[in-house]
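Hello,

Here is the structure we talked about. Please open it first, then read my notes below.

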Amino acid sequence: MRITFSLQRFDPERDHAPHQEEFRLDVAWRSTTVLDALIRIRQEVDPTVAFRHSCRSAICGSCSMVINGRHTLACKTLIGPEIERHGPTITVAPMRNLPVLKDLAVRMEPFWQKVRAVTPWLEQAGGASSTAQAVLTKETRSHLHNVDACILCGACVSSCSSLEVSPGFLGPAALAKAYRFVADPRDGARSRRLTMLTQPDGVWDCTRCNMCVEVCPKDVQPMEAIVRLRRAAITDGLTDTIGARHITSFTEIVRQEGRLNEGRLPAQMLWRHPAALLAQLPLAIKMFVRGKVPLPWHPPLDSIRAIRRLFGRWGTPSSWTN
Amino acid sequence: MRYAFFPGCVAQGACPELYQSTMVVARHFGIELIELRQASCCGAGVLKEASPALALSLNARTLGMAQHRGLPLLTICGTCQGVLSSVKRELDEQSALRETINASIEQEDERYRGGLEIKHLLWAMLEDLGLDRLKAAVARPLTGLQVAPFYGCYILRPSGDLKHDDPFHPDSLEAVITALGATPIDYEGRIKCCGFPILLEKAEMAARMSGENLVDAKTHGADCLVTPCPLCHMSLDIYQQRAEQAMGRSIGLPILHFPQLVGLALGYSPKELGMARHLVSTSKVLQKIGVG
Ligand code: SF4
Ligand code: SF4
Ligand code: FES
């Protein structure tokens, strides 16, 4: 079957801006991956098309790109389902949120820098002289979730909503890696790690968009790892960020009323930040005029006893009280 | 059509016009909504960050309430839909976990046995009402109106929980917009994040996120934007002024709740649909379709 591949081309030495170029290829579409097709284009049509690859089996993580709008591995993407869903033209672009080197290859240095920034190795408690040993049990290993499976392909980074508007954000891959060490009982640097991860550009900068969970080819679920890091930070008493207060205030309001009351949340989150709270005021007034501000104090739901029972059973550490 | 109805906190708080317009549309089609008045907040993914078991149990209780009435559950909030769908998946797939969670729920008739159907109003329109009936009911075709569909994160992702639209190429909003006589516009922002979850902690980032999407919609010719999620509505409507500041330009894009757009096409007045409650004026939309 003859398929059209529309590739984003960009040669920094020649081009001012990226453009699409079309290549037509006869392929056995059932068994051919997008990577196979790219390799053939380079061999048979244009040797200057640039892209990265190595293992061809979704292991090395080097062939991430954006295929028909989806951030994914080219070697894991079969042509068949693509044309069934999107027709006989397959659009291929480089990863986003990383600078384009040439065509489909991006500069990975910012990605590696962030992975390095989370100290991706075990640190010993009490310095190198400590002889204490911690053993990684099967039970604990399961807590490491899927984060061990990461192949550092960058697809999650390419898809990340927060990185799009804030390039300094550590991002899903590095944070998933960070969780891997925070959750490892052999690591001795938990508190230093969590302090670092709750700074600006850390865990509270994630907008919970689930893009990274959607695109990860290894089901690492980076956002779940970020959620666990946040929980770890709060449990360890790092509750003084607005992000942490979002969680604790929200939880407390639902415990009291059974529902979320948007009339109370900003005040409860921001009372230590008068300037930010004051900045809410003009909007609050406009909302009030249009009947959009719920009463600051709702009577709780009639079923509040049943709800509080669940809070009592599964509830939150006492270190959380506002 | 009969559903257990979970309106969610925002439709009963900052977006009463969503509740109001839902009732108008439901009444029009004779859809019976049995409201679960004693259901708690779904937690919006935030409660789960405090305690996963707490979020599971509160939502299991909601699912149980619908199940014991023998009805599928209807939501009108993309975020509630996402949260409840993921709870459903977890509890349906892990029976031991379901038992543990159920054991903590006092009332027998609030325990969840698994297998409940949970539907957003958008999907109910497509699957249960059907596009033909919807089209036949259009009294005021929205001809010429260019509408930017804005899905919001949780009605799309993770798609393994939602099992509805293709998360990168959804088309359910487009189908409804077209059925109402309007024209859906295609732009990248339609599947992106509105910034709501970090609105208070990272105000500038949130403003840029919503700003980029609003400008994207506007440059592609949108007269208005429609969303099935009231959290997106808050971010895009209430905080649009912040987005304008972040982008250094005026935007002025009216933001409609999903049932408001349907209600307009059914012939209801802006007042009946609560349009005056928005912070961004909807008058341009109304002029374009010859109302008001
Ligand atoms: S978390 Fe998944 S998507 Fe992100 S780098 Fe690792 S394997 Fe790739
Ligand atoms: S959930 Fe957070 S880390 Fe993942 S893509 Fe969205 S903003 Fe980025
Ligand atoms: S080539 Fe190794 S992951 Fe695709």
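B:Lys48 is partly exposed, with a relative accessible area of 27%. Keep in mind that this is a predicted model. The side chain of B:Lys48 forms a salt bridge with that of A:Glu224, at 3.0 Å from N to O. B:Lys48 sits in helix 2 (residues 46-50) of chain B and A:Glu224 in helix 10 (residues 222-235) of chain A, so this pair joins two chains. A:Glu224 itself is buried, with a relative accessible area of 16%.

**Where the chains meet**

How many salt bridges link chain A and chain B? The count is 10. One of them pairs B:Glu106 with A:Arg309, at 3.9 Å from N to O. Helix 15 (residues 304-314) of chain A gives the largest share of the side of chain A that touches chain B, with 8 residues. That side of chain A divides into 28 nonpolar, 17 polar and 19 charged residues.

Now the whole contact. Chain A brings 64 residues and chain B brings 67 residues. About 5800 Å² is buried between the two chains, and carbon and sulfur atoms give 59% of that area. There are also 34 residue pairs in polar contact across the interface, counting pairs with both residues at pLDDT 80 or more.

Look at B:Leu279 next. Its place is the loop between helix 13 (258-266) and helix 14 (283-288) of chain B. Is B:Leu279 buried or exposed? B:Leu279 counts as buried, because its relative accessibility is 16% and the cut-off for buried is under 20%. In chain A, B:Leu279 touches A:Leu283, A:Lys286, A:Met287, A:Arg290 and A:Lys292. In chain B, its contacts include B:Asp237 and B:Ile238. B:Tyr239 is 40 residues away from B:Leu279 in sequence, yet the two C-alpha atoms are 8.5 Å apart.

**An enclosed helix in chain B**

Go to helix 9 (residues 172-179) of chain B. Of its 8 residues, 6 are buried, so this helix is largely enclosed by the rest of the structure. The buried residues are B:Ser172, B:Leu173, B:Glu174, B:Val176, B:Ile177 and B:Ala179. They pack against several elements of chain B, among them helix 6 (121-129), helix 7 (131-137) and strand 5 (146-149). After the helix comes B:Gly181, with a positive phi near 95°.

B:Glu174 lies in helix 9 and B:Arg190 in the loop between strand 6 and helix 10 (203-219) of chain B, so the pair ties together parts that are 16 residues apart in sequence. Both partners are buried: B:Glu174 at 13% relative accessibility, B:Arg190 at 9%. B:Arg190 also forms a salt bridge with B:Asp186, at 3.7 Å from N to O. B:Asp186 counts as exposed, at 60% relative accessibility.

Shared partners join A:Arg9, A:Glu21, A:Asp46, A:Lys102 and A:Asp103. Over all chains, the count comes to 43 salt bridges.

**Chain A as a whole**

Chain A has 15 helices and 7 strands. It is divided into domain 1 (2-106), domain 2 (109-235) and domain 3 (242-319). The centres of domain 1 and domain 3 are 48 Å apart. Of its 322 residues, 52% count as buried. The C-alpha atoms of chain A fill a box of roughly 70 × 65 × 40 Å.

Best wishes

Technical notes: Residues are numbered from 1 along each chain as its sequence is written. Chains are lettered from A and ligands numbered from 1 in the order in which they are written. Side-chain values use heavy atoms; hydrogens and water are left out. Contact means heavy atoms within 4.5 Å. Buried area is the accessible area (1.4 Å probe) that two parts lose on being put together, summed over both. A salt bridge is a side-chain nitrogen of Lys or Arg within 4 Å of a carboxyl oxygen of Asp or Glu. A polar contact is a pair of N or O atoms within 3.5 Å; within protein, one must be able to donate a hydrogen and the other to accept it, and residues adjacent in sequence count only if both atoms are side-chain atoms. Helices (H or I, at least four residues) and strands (E, at least two) are DSSP runs, numbered from the N terminus. Ala, Val, Leu, Ile, Met, Phe, Trp, Tyr, Cys and Pro count as nonpolar, Asp, Glu, Lys and Arg as charged, and the others, Gly among them, as polar. Buried means under 20% relative accessible area, exposed over 50%, partly exposed in between (1.4 Å probe, protein chains only). Domain bounds come from an automatic or database domain assignment. Lists of a residue's contacts leave out its neighbours within four places in sequence.
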